[in-house]
Amino acid sequence: MTSVPEEVPCLLMRGGTSKGAYFLADDLPSEPALRDELLLRVMGSPDGRQIDGLGGAHPLTSKVAVVSRSADPKADVDYLFLQVAVEKAEVSDRQNCGNILAGIGPFAVERGLVPAGERETAVRIRMVNSGDYATATFPTPGGRVRYTGDAEISGVPGTAAPVVIEFPPGTHPLLPTGNARDVIDGVPVTCVDNGMPTVLIPASALKLTGYEHPRELEEDVALADRLRTIRLAAGRLMGLGDVSGTTVPKLTLLAPPRSGGAVTTRTFIPVRCHASIGVLGAAGVAAGLRIEGGVGARIADLPPGGDRIRIEHPTGFLDIESSLGSTTGGLPRAGRTAVVRTARKLFDGTVFPRSAETAPIPPQSPGGQR
């Protein structure tokens with residue numbers, strides 16, 4: 001498709017603790033600039049309230065999934081994640097999203113990209129942004145996606161059917177800087193990438209408890225400046241280049257657990273404090289806590305046996321199974337990672353983007369696809 005359509009088939013879904021618009025790639029313009037222009041109009045950006053679009057006035061509810069059949073023999077579908085900025089005319093493909101990932105398998109079945117099993121369906125997914133893979137398994141009794149169930153995740157009211165997401169060991173280094181610990185602007189950090197570039201920071205190193213309310217952290221102007229400095233420097237150290245126009249790497253503050261978990265977290269995307277924690281960010285935290293010499297090693301209270309780690313966040317917790325594999329060149333390697341999430345179909349229909357005459361034309365997506 002080489003033009004911007006006036007209406008587009010769309011499935012709005014909650015995936016994990018996020019919400020986004022899911023599209024078939026064939027229903028969107030193939031040219032990235034035209035696609036991004038359309039998505040800004042669909043979501044209602046740039047506008048702090050996104051009042052004229054589907055967006056929910058927060059990065060967690062201004063997300064897009066673009067899905068297609070995969071030509072990769074290791075995958076059934078390709079999933080491109082796009083973060084639509086709220087107050088800027090910007091669409092970024094520089095990161096994955098593990099929450100929106102929870103809805104990709106059900107969406108693939110809903111749109112006929114993958115046939116449903118009689119009891120459950122496993123969909124192999126290639127995450128286009130990074131080239132990583134995941135397999136999502138969810139109930140499909142009688143060949144139809146079931147969204148109701150008894151699985152509960154923090155940050156989402158009620159219960160829903162479980163979506164089990166398993167990630168194979170990544171092919172990129174778990175420690176992009178080659179170090180278990182770096183020092184940035186006088187602050188010790190551990191930079192990890194277990195599906196999402198993440199910088200782990202002891203909250204105490206920033207003179208914080210790590211238990212502050214997200215709003216309190218967001219309103220701390222001095223903290224925002226300090227975090228920005230750390231993020232820009234970490235981006236260069238991690239080989240990501242200039243990250244001033246992107247939302248990666250994520251920054252996660254670590255503090256001792258308060259409610260029986262392994263660690264307490266506060267995550268920034270990039271300066272807004274997450275109400276919970278993203279799946280891939282949690283995967284990075286879980287792996288990072290196990291790294292000998294890392295900043296989390298003395299903070300975390302790891303369980304004595306097993307791979308399951310409970311990560312506390314502002315609205316509850318996330319349980320994730322994580323292990324480290326054998327070292328390569330003396331550096332740890334990510335092993336198995338798995339998590340239970342939920343997803344729900346909110347509506348299926350046609351979205352009518354706002355008029356092109358009133359919508360700004362976005363710049364090219366920062367950095368292109370990773």
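**Exercise 1. How many helices and strands are there in the protein?**

Before we count, a word on the model: it's predicted, so local features need pLDDT of at least 70, side-chain atom pairs count only at pLDDT 80 or more, and totals for chains, interfaces and linings use all residues. Residues are numbered from 1 along each chain as its sequence is written, and side-chain values use heavy atoms, with hydrogens and water left out.

*Step 1.* Know what to count: helices (H or I, at least four residues) and strands (E, at least two) are DSSP runs, numbered from the N terminus.

*Step 2.* Count them, and you get six helices and 16 strands.

*Step 3.* Check the overall build. The radius of gyration, taken over C-alpha atoms, is compared with the globule rule, 2.2 Å times the number of residues to the power 0.38. The protein has 20 Å, close to the 21 Å that the rule gives for 370 residues, so it's as compact as a globular protein of that length.

**Exercise 2. Find the aromatic pair and classify it.**

*Step 1.* Recall that a pair of aromatic rings is described by the distance of the centres and the angle of the planes. Rings of Phe, Tyr and Trp (its six-membered ring) pair if their centres lie within 6.5 Å; planes under 30 degrees apart are stacked, over 60 edge-to-face, and the rest tilted.

*Step 2.* Search the whole structure: one aromatic pair turns up. With ring centres 5.8 Å apart and planes at 40 degrees, Tyr 22 and Phe 107 make a tilted pair.

*Step 3.* Tyr 22 belongs to strand 2 (residues 18-24) and Phe 107 to helix 3 (residues 104-110), so the pair ties together parts 85 residues apart in sequence.

*Step 4.* Buried or exposed? Buried means under 20% relative accessible area, exposed over 50%, partly exposed in between (1.4 Å probe, protein chains only). Both Tyr 22 and Phe 107 are buried.

**Exercise 3. Describe the surroundings of Val 340.**

*Step 1.* Locate Val 340: look in strand 16 (residues 331-351).

*Step 2.* Val 340 has 39% relative accessibility, so we call it partly exposed.

*Step 3.* List its contacts (heavy atoms within 4.5 Å). Leaving aside residues up to four places away in sequence, Val 340 touches Ile 153, Pro 162, Val 163 and Val 164.

*Step 4.* Now try a C-alpha distance: Val 340 and Ile 165 are 175 residues apart along the chain, yet their C-alpha atoms are separated by 6.2 Å.
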